[in-house]
Amino acid sequence: MKITVNGEPRELTGEVSLFELLGRLDLPTERIAIELNREVVRRKDWPNINVSDTDRIEIVHFVDGG
Amino acid sequence: MTNGRYSRQILFREIGAEGQRRLADSRVLVVGAGALGSAHAETLARAGVGFLRVVDRDFVEFSNLQRQTLYSESDALERLPKAVAAKNRLAAINSDIATEAVVADINHTNVESLLADVDLAVDGTDNFQIRYLLNDAAVKLGKPWVYGAAVSSYGTTMTVIPGETPCLRCIFEEIPAAGSAPTCDTAGVIQAIIASVSAVQTTESMKLLIGKTDALHGSLMQIDIWRNDWRKIRLGGPNEDCECCAKRKFEFLEARDREIFTALCGRDAVQIRPPNADSIDLPALAERLRPLGEVKSNAYLVRFAADGYEITVFADARAIIKGTDDPSIARGVYSRFIGS
């Protein structure tokens, strides 16, 4: 399936939850927020929601420092 | 407002004369006067926000000057507390407005009183602990606050209006472990991302102050100024399970034990807050330390160098011990030279 992550096209095979997607993309699972098709997804739901074809995902980091 | 100082801002239709009057009647807490806090305070002072309270626990050093735009070399040479140097500079920029410098560590004992008589707080701190504390206090008191942080070439910001938008804990439920995120001391930072994040934060603040809430960005926004990336996550409403804004549990305000040590990450320094003292006689301390090592002092602090450590003591009895990142060593140095 073809999805878009942070504006970049990605190809995925098989069933993948949002949580597993982070591992596949080599992204940290802490200090981030995820938006799926313009809706924020709560952290507790990340393992239960599977990524579907044409999904648009945005990942924003929780930044310290200033 | 008779000298045309704000004329270009008033010409901007979204603000206008009425918006300018509202800014003049507004009160803002600037939390932290480092890089972001400098940028916030300068922008809001130039814009004519009537009262700015600037709180910071640190003093100016040369390594600050690349990005902390309120400060000059003389502030670093004099080792002025940042809040004091900020107030001096803000007064020179705009004598129309009132400013207050608070040289203190923001913690659960003082955050509510610092916030109680302002319209909103704008975040210029450098650590998650204070951001969660500020979120608790802002939600408890029903005050808006504007989160913002920057490191390397990227930064994130979000505007919190208690009861209307998600609060920080709606989105980031648990405070990240200490040392888990890159900081300016480990990953560096360029001034341009500070300016960018501050630009969004201060504009959001001005919209809130003049009641133009329709123009708020309503998102968790991430900017990477080097990679030319500007992205937003739409936030929607508050999380109905949020420990802070839904259940009104303010665990960061309810810290039972007074935290004594704060390692100033990446700076090879530890801040010590003595559990039993809120003030110290600085001239007497300087006199007492003089036979033991090199002492320099100004009206706000005493700086003392001995045994490879550099100890800066503030009038509220706090000290920053430079030369170690080990709290127990720092505690020992404090006890030995300042008292237990």
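Modeller: A polar contact here is a pair of N or O atoms within 3.5 Å, where one must be able to donate a hydrogen and the other to accept it. The model is a predicted one.

Colleague: How many residue pairs are in polar contact between domain 1 of chain B and domain 2 of chain B?

Modeller: The domain assignment puts domain 1 at 7-234 and domain 2 at 260-337 of chain B. Counting pairs with both residues at pLDDT 80 or more, the number between these two domains is six.

Colleague: Which residue forms a salt bridge with B:Arg273?

Modeller: Two salt bridges are counted between domain 1 and domain 2 of chain B. A salt bridge needs a side-chain nitrogen of Lys or Arg within 4 Å of a carboxyl oxygen of Asp or Glu. With the closest N and O atoms 3.0 Å apart, the partner of B:Arg273 is B:Asp105.

Colleague: What area do chain B and chain A bury between them?

Modeller: The contact involves 39 residues of chain B and 20 residues of chain A. Carbon and sulfur atoms account for 57% of the buried area, and the total is about 2,400 Å².

Colleague: Which residue of chain B meets A:Glu58 in a salt bridge?

Modeller: Chain B and chain A have two salt bridges between them. In one of these, the N to O distance from A:Glu58 is 2.7 Å, and the residue on chain B is B:Arg231.

Key
Residues are numbered from 1 along each chain as its sequence is written. Chains are lettered from A and ligands numbered from 1 in the order in which they are written. This is a predicted model: local features need pLDDT of at least 70, side-chain atom pairs count only at pLDDT 80 or more; totals for chains, interfaces and linings use all residues. Side-chain values use heavy atoms; hydrogens and water are left out. Domain bounds come from an automatic or database domain assignment. A polar contact is a pair of N or O atoms within 3.5 Å; within protein, one must be able to donate a hydrogen and the other to accept it, and residues adjacent in sequence count only if both atoms are side-chain atoms. Contact means heavy atoms within 4.5 Å. Buried area is the accessible area (1.4 Å probe) that two parts lose on being put together, summed over both.
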